[in-house]
Amino acid sequence: LENTNVTYLQLETANYTKSSAEAMAKYVRTGKRLRRIRLNENRGTSDPVMHQLYEENTCCFLLAVQESTSLKDLEICLPRVSGPSNLALKNMLTRTQSLRTLSLICPVDMGDTAVAAARSGLKNNTTLQELTLHVLSATTVSPILTSLRDHPSLRKLCLSGSVADVTGLETLLLSDTSKTTELDIKGSSGRPMMGLTPVFQTLARYPTLTKLRLPCCSLGRNEARLLRVALCNMPSLHNLELANTDLGSAGLVELALALYHNTSIKVLDMPDNDLNDM
């Protein structure tokens with residue numbers, strides 16, 4: 001606690017006593033060099049005493065994060081059950097003044113209360129520039145995506161893990177005030193992704209995107225056709241990644257004309273797409 005040069009902390013929340021958590025929270029609150037924190041995943045426990053301690057410690061740390069003036073980057077797992085940590089998460093997202101990058105881990109058994117807390121907090125957040133939603137199951141994150149529609153400063157959105165549905169993402173792109181210029185959507189190889197069609201249709205009317213990554217998003221011929229239309233209307237796009245998207249030669253035929261005419265693209269990454277048919 002006497003070291004003032006620490007810039008990154010990984011906090012195993014459940015391992016702290018109440019007094020040690022309070023001491024570390026004070027360090028988080030007052031540190032001038034601290035830039036990044038990773039709060040450990042909430043694995044859950046059947047012991048009510050340990051669960052209460054976890055909740056208290058999590059609330060203690062989230063309040064410190066909320067009051068920090070140096071912290072820029074936070075990784076945290078959404079609560080699995082209803083409890084005080086949900087409100088603490090909501091308040092932290094709403095009231096933070098320094099946080100710029102956030103990674104939210106969405107667990108398999110994520111509760112509705114946690115989703116509502118994240119949604120409300122993000123809807124009222126004004127500081128974030130980068131957001132990653134790491135999905136650990138087929139859990140829908142649509143309510144969280146729709147909450148980002150009018151975010152005033154979000155530049156980069158990344159969806160990773162077991163993402164199977166991006167419904168709601170188009171609402172962010174439809175906003176007249178959207179600042180998002182980078183989209184990173186990682187799918188599951190060989191599995192169709194729900195919600196891609198409206199996203200591609202909206203991208204055709206979203207000319208300010210500079211980076212688009214769709215690794216492992218299975219693209220059929222219809223999706224490739226919609227992506228072609230979008231690419232023809234993206235004069236600012238300079239990075240395009242379509243790795244392992246099941247594109248095949250038929251899909252490449254759909255995209256070829258757009259790739260030929262879009263002269264803004266500087267980086268093109270298309271490996272593992274079975275492009276074997278001359």
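# A chat about the fold around β5

Biologist: Among contacts between residues at least 6 apart in sequence, what share joins residues at least 24 apart?

Modeller: In this chain that share is 83%, with contact meaning heavy atoms within 4.5 Å. Keep in mind that this is a predicted model, where local features need pLDDT of at least 70, side-chain atom pairs count only at pLDDT 80 or more, and totals for chains, interfaces and linings use all residues. Residues are numbered from 1 along each chain as its sequence is written, and side-chain values use heavy atoms, with hydrogens and water left out.

Biologist: How many helices and strands does the chain have?

Modeller: Nine helices and 10 strands. Those are DSSP runs numbered from the N terminus: H or I with at least four residues for helices, E with at least two for strands.

Biologist: And how much of the chain is buried?

Modeller: Buried residues are 51% of the 278. Buried is under 20% relative accessible area, exposed is over 50%, and partly exposed is in between, using a 1.4 Å probe and protein chains only.

Biologist: Okay, on to β5. Which strands does β5 pair with?

Modeller: β4 (residues 101–106) pairs with β5 in the parallel sense over six bridges. β5 also pairs with β6 (residues 156–161), again parallel and over six bridges. Two strands count as paired if DSSP finds at least two bridges between them.

Biologist: Which residues sit across from each other?

Modeller: T101 has E130 of β5 as its bridge partner, while T132 stands opposite C158 in β6.

Biologist: Which face of β5 is covered?

Modeller: The one with L131, L133 and V135. E130, T132 and H134 make up the uncovered face.

Biologist: Which residues of α4 are buried?

Modeller: A114, V115, A117, A118, G121 and L122. They cover an arc of only 160 degrees around the axis, so they lie on the same side of α4. The arc is that of the directions from the helix axis to the C-beta atoms.

Biologist: What do those buried residues pack against?

Modeller: α3 (84–95), β4, β5 and α5 (142–146).

Biologist: And which residues are exposed on the other side of α4?

Modeller: D112 and K123.
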